[in-house]
Amino acid sequence: LLAIMGNVNTFLKAEDYKLLEEETGFTESQIRRLYSRFANLDKRSKGYLERQDLMLIPELAVNPLGSRIIEAFFTNERCPTEPLDTINFKQFVRVLATFRSIKGHEHALNTRDKKMEFIFRVYDSDRDGQISKEDLKHVLSCMVGMNIPEQQLKSIVRRVMKESDIDQDNKISFEEFKTALEEIDLDEKMSIRFLHT
């Protein structure tokens, strides 16, 4: 099985599987299936994925937040304000691990906080570590399209900001975001069922 280390193609070794299993909670069989999916998305066999490759996933292509979700895939873990241009297989698997169910399978990458961080990145359009009124309006516009008038959209943004912006600085910090979503069952809303074999 081919895996990607940086932009260089190499064979994934048994210890690489073990490391990915420990880091993500996926089984070796699941990792092999994810690699198959990765390879199918990598139509030109580049060894990495770009944003347009992820648009080939039908569920993302039709999702009104698809482009924002894809953008969240390209977060640089070392410097979240600087997006990545590409993601390799290991990065792809790490992001997907966020969507594993927590129930009975919690690992470092699928905790409630990691799920929150991913959702926060979807909302934080400008990657400044805060959700502004503009960020919120952008995401809400994606979700509702032209189905509600501009004035109503602005009203929703004002209400959400009023309810979530605890320190009233006109921005929602990550901590305020977590507080606003504390009653939401993220495991149910943000889990993909990965088949076990």
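What volume does the second largest pocket have? About 420 Å³, going by this predicted model. The close-ups below start there and then move on to some other spots.

**View 1. The second largest pocket and the residues around its centre.** With a volume of about 420 Å³, this pocket is lined by 17 residues. Closest to its centre sit Thr75, Asn76, Glu77, Gln91 and Arg94. Sorted by class, the lining comes out as seven charged, six nonpolar and four polar residues.

View 2. Which of the helices gives the most? That's H7, with four residues.

**View 3. Helix H7, end to end.** H7 has twelve residues, and at 1.5 Å a residue they should span 16 Å. The C-alpha atoms at its ends are 17 Å apart, so the model agrees with that expectation. As for burial, the buried residues of H7 are Lys115, Met116, Phe118, Ile119, Phe120, Val122 and Tyr123.

**View 4. Asn76, in the loop between H5 and H6.** Asn76 is one of the residues closest to the centre of the second largest pocket. Is Asn76 buried or exposed? Its relative accessible area is 19%, and the cut-off for buried is under 20%, so Asn76 counts as buried. The Asn76 side chain reaches the backbone nitrogen of Arg78 at 3.0 Å. Once neighbours within four places in sequence are set aside, Asn76 is in contact with Glu82 and Leu84.

**View 5. The largest pocket.** This one has a volume of about 1200 Å³. How many residues line the largest pocket? There are 37, and Ile69, Phe99, Lys189, Met190 and Ile192 lie nearest the centre. The class breakdown of this lining is 28 nonpolar, five charged and four polar residues.

**View 6. Gln52 on helix H3.** Gln52 belongs to H3, which covers residues 51–54. Its relative accessibility is 47%, so Gln52 goes down as partly exposed. Where does Ser67 lie relative to Gln52? The two are 15 residues apart in sequence, with a C-alpha to C-alpha separation of 9.4 Å in space.

Notes:
Residues are numbered from 1 along each chain as its sequence is written. This is a predicted model: local features need pLDDT of at least 70, side-chain atom pairs count only at pLDDT 80 or more; totals for chains, interfaces and linings use all residues. Side-chain values use heavy atoms; hydrogens and water are left out. On a 1 Å grid over the protein atoms alone, a cavity is a set of points where a 1.4 Å probe fits but cannot get out, and a pocket is an open set with protein on both sides within 12 Å along at least five of seven lines; lining residues have an atom within 4 Å of a point. Grid points are joined across faces, edges and corners, and a volume is the space filled by probe spheres set on the points. Ala, Val, Leu, Ile, Met, Phe, Trp, Tyr, Cys and Pro count as nonpolar, Asp, Glu, Lys and Arg as charged, and the others, Gly among them, as polar. Helices (H or I, at least four residues) and strands (E, at least two) are DSSP runs, numbered from the N terminus. The expected span of a helix is 1.5 Å times one less than its number of residues. Buried means under 20% relative accessible area, exposed over 50%, partly exposed in between (1.4 Å probe, protein chains only). A polar contact is a pair of N or O atoms within 3.5 Å; within protein, one must be able to donate a hydrogen and the other to accept it, and residues adjacent in sequence count only if both atoms are side-chain atoms. Contact means heavy atoms within 4.5 Å.
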